[in-house]
Amino acid sequence: ATQPYDDSNIFARILRGELPSKTVYDDEFALAFHDINPQAPLHILVIPKGAYVSWDDFSARASDAEIAGFVRAVGQVARDAGLVAPGYRLLANTGLDSHQEVPHLHVHIFAGQKLGPMLA
Ligand code: 5GP
């Protein structure tokens with residue numbers, strides 16, 4: 001069972017326009033912006049517009065249209081940033097053991113350098 005969605009989380013506030021973000025992509029299903037504390041030369045977060053706590057919550061509850069729209073948006077953000085040829089890494093922390101800090105689903109895009117085998 002997933003925790004209930006907390007409307008006051010920082011990404012909900014970004015979605016409502018209450019907090020600024022360095023937006024790189026915005027459509028019906030997804031918003032993408034630069035991570036405030038980048039862990040790679042390029043570090044973008046992609047979040048669904050809907051209220052989903054985590055990858056687990058999203059994959060279980062979101063509609064097919066939301067899932068398709070979000071997955072396509074993640075790919076589009078990477079293409080827009082010119083990352084197809086050099087490559088990039090996707091990461092979505094989910095649940096207690098994963099160190100997920102913000103309780104709104106976010107997919108990390110890491111790029112801009114040769115990445116190691118895995119992030120710690
Ligand atoms: P998590 O650990 O939950 O997978 O990742 C949360 C990410 O959100 C971290 O990389 C952190 O730097 C980023 N973050 C936290 N607060 C903010 C914020 O207010 N704005 C932006 N752009 N990123 C944030």
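**Figure 1. Exposure and backbone geometry of His99 in the predicted model.** His99 is exposed, with 8 other C-beta atoms within 10 Å. The model is predicted: local features need pLDDT of at least 70, side-chain atom pairs count only at pLDDT 80 or more, and totals for chains, interfaces and linings use all residues. Residues are numbered from 1 along each chain as its sequence is written. His99 is placed in the loop between strand 4 and strand 5. Helices (H or I, at least four residues) and strands (E, at least two) are DSSP runs, numbered from the N terminus. Although His99 is not a glycine, its phi is positive, at about 70 degrees. Most residues other than glycine have a negative phi.

**Figure 2. Surroundings of Gly95.** Gly95 is found in the loop between strand 4 and strand 5. Gly95 counts as partly exposed, with 13 C-beta neighbours inside 10 Å. Not counting residues up to four places away in sequence, Gly95 touches Ser54, Asp56 and Gln100. Two residues are in contact if their C-beta atoms, placed from the backbone, lie within 7 Å. Lys114 lies 19 residues from Gly95 along the chain, and the C-alpha atoms of the two are separated by 28 Å.

**Figure 3. The shell around the ligand.** The ligand is surrounded by 13 residues, of which the closest are Ile36, Asn37, Asn93, Gln100 and Glu101. A residue is near a molecule or strand if its C-beta atom, placed from the backbone, lies within 6 Å of it. The shell comprises five nonpolar, six polar and two charged residues. Here Ala, Val, Leu, Ile, Met, Phe, Trp, Tyr, Cys and Pro count as nonpolar, Asp, Glu, Lys and Arg as charged, and the others, Gly among them, as polar.

**Figure 4. The hairpin of strand 1 and strand 2.** Three residues lie between strand 1 and strand 2, which form a hairpin. Strand 1 (23-26) and strand 2 (residues 30-34) pair in the antiparallel sense over three bridges. Two strands pair if DSSP finds at least two bridges between them. Thr23 has Phe33 of strand 2 as its bridge partner, and Asp26 has Leu31 of strand 2. Because four of the five residues of strand 2 are buried, this strand is largely enclosed by the rest of the structure.

Figure 5. The five strands form an open sheet in the order 1-2-3-5-4, with antiparallel pairing. Strand 1 (23-26) and strand 4 (89-91) stand at the edges with a single partner strand each, so one side of each is left without a neighbour in the sheet. From one strand to the next, the twist averages 20 degrees. Strand 2 pairs with strand 3 in the antiparallel sense over five bridges, and His34 stands opposite Ile44 in strand 3. Strand 3 and strand 5 run antiparallel and are joined by five bridges; the bridge partner of Ile44 in strand 5 is Ile109. Three bridges join strand 4 to strand 5 in antiparallel fashion, and Leu91 stands opposite His108 in strand 5.

**Figure 6. Helix 3 across the sheet.** Helix 3 (residues 64-80) lies across strand 1, strand 2, strand 3 (42-48), strand 4 and strand 5 (107-111). Helix 3 runs at about 160 degrees to strand 3. Axes are lines fitted to C-alpha atoms, for helices over the stretch in contact, and angles run from 0 to 180 degrees between N-to-C directions.

**Figure 7. The protein chain as context for the close-up views.** The secondary structure of the protein chain comprises three helices and five strands, arranged from the N terminus as α-β-β-β-α-α-β-β. The radius of gyration, taken over C-alpha atoms, is 14 Å, which agrees with the value near 14 Å for a compact globule of 120 residues. The globule rule is 2.2 Å times the number of residues to the power 0.38. Along the principal axes, the C-alpha atoms fill a box of roughly 40 × 30 × 30 Å. Of the 120 residues, 23% are buried. Among contacts with a separation of 6 or more, 59% are between residues 24 or more positions apart.

Notes:
Buried ≥ 20, exposed ≤ 12 C-beta atoms within 10 Å, placed from the backbone.
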